[in-house]
Amino acid sequence: MTQHLHSKRLQRPGYGTVLAAVLGLVAALSLGAIGQAKAAEKTPVDRWSDRAHGFASLAGGTTGGAGGKVVTVTDQAALATYAAAEEPYVIRVSGAIAVEPFGSDIVVASNKTIIGVGDTGEIVHGELHLNPGTHNVIIRNLTIRDSYVEGDWDGKTTDFDAIQMDTVDHVWIDHNRFTHMGDGLLDIRKDSRYITVSSNQFTNHNKALGIGWTTNVLTEMTIDHNWFRGTKQRNPSADNLAFAHLYNNYLSSQVADGDPVWTYGNWARGRTRMVIENSYYDGVQHPYQADATAELVQRGSILKNTTGRTDAWGTAFDPRSFYDYRLDPAAAVPSLVSRFSGPQKRIGVTLHVPADYPTVQAAVDAVPDGNAVPVTIAVAPGTYRAKVHIPATKPRMVLQGTGHDRSDTVIVYDTPAEYGGSTGSATVRIAANDVTARHLTFSNDFDEAAVELKGEQALAMKTTGDRIVFEDTAFLGNQDTLMTDSPKLDLISRVYIRDSYIEGDVDFVYGRATTVIDRSVIRALSRGSDTNNGYITAASTWTGNPYGFLITRSKVVSDAPGQSVHLGRPWHPGGEPAAVAQVLIRDTELPAAVKSSPWTDMSGFSWRDARFAEFRNSGPGAAPSADRPQLGAADARTCTLANYLKGTDGWAPYAGH
């Protein structure tokens, strides 16, 4: 941004030798009395995972299209093309896709994830079909409906299933709604193996879920947390399964047409070995039954208003010898399953680094241009020494560390401005709108004390997008650590930083974006000077924008000598007169290191012509003086984080915190 201040910090050990100590300090400061979120409070707890469980998780697991491109489809032609492609894809179905001719198949090839966008993705009048040999498929969060032909209750003349598969392996069917189809809702046949069917709704139909149709005893299948309601039979029917594990399923509102034989709940047929645990049967005829050649173990289920067979004989098998699982109490099943089965608004696409994509940038590259709904990039704990660029064409992204603490997941590089300019030095650049980052540390560990360069600015983060949120993040660097900017001077971008940590020495929070730093720790590093250890802010706010930087409800800390750190100076890039800094620091604790005259001139521009103010700050660095403009009470009532961020669209990223 500017020429580097010549009085550099006298000593700075190599980054590798102090990283643990620095990040330990970051973690400690992040959990203080100023309201930083604890690890257990980071994100809402959902009742689902985006990783396959049960038998689908074994023998190499089921990952679907992970590692492939993410595409969004809104019509049959695109869905059919991507679903049948040879290469892996994550295919997002947005809205309802009506299949023609009525009852036609959409063939799904190996290594595919087909997932509904929000809870509105639908396939209407058509079937997803997995041919023999298909493997590694995930079908999630969809409604597949309405290929029923009036009068064909038994489905004998039309074989219009919702999903049909023959001789496949590693398939996860999760959080779908299947209703009113032509034959079976879900048919899993002919030696298909390593299957999990979880948290689906089977409704308004005769034959729900049929498995087997083979003389071999090979299929391994987990069926959990599904809701069978308004169905008559095959809930499921399991023929010659080697292992059938059914738990926490809810069967209710069974169709009652007076048929005493073919109205039933769970049926272990042939030589099936079945284990049923903690399920709930309400108003079901023949809740669970077994052929004499099968084995069925039942434990912990609740039967309410049921009649008919409840068979149990043999030893079957022990599911825990294959995989771990969480068993909910049977009494809780109706409320849990009715709420959390079927398509969910919060289920989306999560791209895992490094499990599915080797680098953060590879995962970013997989997100489609013009992305319409959030995609989460989940970054496993570790240090990722690489740059990341989220271009303007890829909005609505969540970049999220998955460790216990933000210091567990670090994205770091060491480029100074001498090699690529200020923008080129940034470890991470976010040019897209609607990006959120949480539980991460961003660092530029260029060692400015070790070399002498003209351009020693070294950004950890640069943003130019609008509606950017940082939650529980850390930004580590020296000069120009964090730049929040906009694409051009008179275009306003907004950034909200909460429960975070920012460190640096010279102009380390700067740019022209409207930026709110809330409930965070700002560390002004010592550069070894007795009189001038740098500047916290260097705003370049457009003169037509009343809202620049707001630091509120936060804490500034420093080990620099007293009276040696400035709160800020006005940056006019290229001498631009219409860039008039606006900075308000309010309700924030300031250390003794802050100067009693905390604002200063820059490049011939007087700080007095800028828009600097404080309000109700505290601490030894907040003592009033003639050179500290204070905001009046009336203005303070309007200079709030809500007004800074709302813009013309009412943006309120702090809501709910």
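How do the residues of the lining of the second largest pocket divide into nonpolar, polar and charged?

## Model and confidence

This structure is a predicted model. The mean pLDDT of the chain is 92, and 93% of its residues reach 70 or more. Residues 2-44 stand apart, with pLDDT that stays under 50. The model has 95 contacts beyond four places in sequence for residues 2-44. Where pLDDT is low, predicted coordinates should not be read in detail. That caution applies to residues 2-44, where pLDDT is under 50.

## The second largest pocket

The lining of the second largest pocket divides into seven nonpolar, six polar and eight charged residues. The volume of this pocket is about 370 Å³. Its lining has 21 residues, of which Arg-47, His-53, Asp-224, His-225 and Arg-326 are the closest to the pocket centre.

Two elements, strand E11 (169-174) and helix H3 (333-340), each supply at least two lining residues. Helix H3 gives the most, with three residues.

## The cavity

A search of the whole structure finds one cavity of 30 Å³ or more. The volume of the largest cavity is about 30 Å³. Phe-228, Thr-231, Asn-235, Leu-251, Ser-252, Gln-254 and Val-284 line this cavity. Strand E17 (227-233) and strand E20 (250-252) are the elements that give two or more residues to the lining. By class, the lining of the largest cavity has three nonpolar residues, four polar residues and no charged residues.

## Backbone exceptions

Most residues other than glycine have a negative phi, and most peptide bonds are trans. Several places in this chain depart from that pattern. The loop between E17 and strand E18 (237-239) holds Pro-236, and Arg-234 is found in the loop between E17 and E18 as well. Phi of Arg-234 is near 60°, a positive value in a residue other than glycine. Arg-234 counts as buried because its relative accessible area is 13%, below the 20% cut-off. The peptide bond from Asn-235 to Pro-236 is cis, with omega near 5°. Asn-235 also belongs to the lining of the largest cavity.

A cis peptide bond also joins Glu-100 and Pro-101, with omega of about -10°. Pro-101 lies in the loop between strand E3 (96-98) and strand E4 (105-107). Lys-190, which is not a glycine, has a positive phi of about 55°. The loop that holds Lys-190 runs between strand E13 (184-189) and strand E14 (193-198). Is Lys-190 buried or partly exposed? Lys-190 counts as partly exposed because its relative accessibility is 39%, a value between the limits of 20% and 50%.

## Nonpolar cores

The largest nonpolar core has 66 residues, and the members that touch the most others are Leu-351, Leu-399, Phe-442 and Phe-470. Leaving aside neighbours within four places in sequence, Phe-442 is in contact with residues that include Leu-399 and Phe-470. The contacts of Phe-442 also include Ile-411, Val-428, Ala-437, Ala-460 and Met-461. Among the others are Thr-473, Ala-474, Phe-475 and Leu-476. A second, separate core has 55 residues, including Ala-83, Ala-85, Tyr-89 and Met-181.

His-566 is in strand E46 (residues 566-568). This histidine is buried, because its relative accessible area is 8%, under the 20% limit. Not counting residues up to four places away in sequence, His-566 touches Asn-532, Gly-534, Tyr-535 and Ile-536, among others. Its contacts also include Lys-595, Ser-597, Pro-598, Trp-599 and Thr-600.

Ala-613 lies in strand E48 (residues 611-615). Ala-613 counts as buried, because its relative accessibility is 12%. Beyond four places in sequence, Ala-613 touches Val-583, Leu-584, Ile-585, Trp-599, Pro-629 and Leu-631. Ala-613 and Ile-97 are 516 residues apart along the chain, and their C-alpha atoms are separated by 55 Å.

Definitions and conventions: Residues are numbered from 1 along each chain as its sequence is written. This is a predicted model: local features need pLDDT of at least 70, side-chain atom pairs count only at pLDDT 80 or more; totals for chains, interfaces and linings use all residues. Side-chain values use heavy atoms; hydrogens and water are left out. Helices (H or I, at least four residues) and strands (E, at least two) are DSSP runs, numbered from the N terminus. Buried means under 20% relative accessible area, exposed over 50%, partly exposed in between (1.4 Å probe, protein chains only). Contact means heavy atoms within 4.5 Å. A nonpolar core is a set of buried Ala, Val, Leu, Ile, Met, Phe, Trp, Tyr and Cys residues joined through side-chain atoms within 4.5 Å. On a 1 Å grid over the protein atoms alone, a cavity is a set of points where a 1.4 Å probe fits but cannot get out, and a pocket is an open set with protein on both sides within 12 Å along at least five of seven lines; lining residues have an atom within 4 Å of a point. Grid points are joined across faces, edges and corners, and a volume is the space filled by probe spheres set on the points. Ala, Val, Leu, Ile, Met, Phe, Trp, Tyr, Cys and Pro count as nonpolar, Asp, Glu, Lys and Arg as charged, and the others, Gly among them, as polar. pLDDT is the predictor's confidence in each residue, from 0 to 100.
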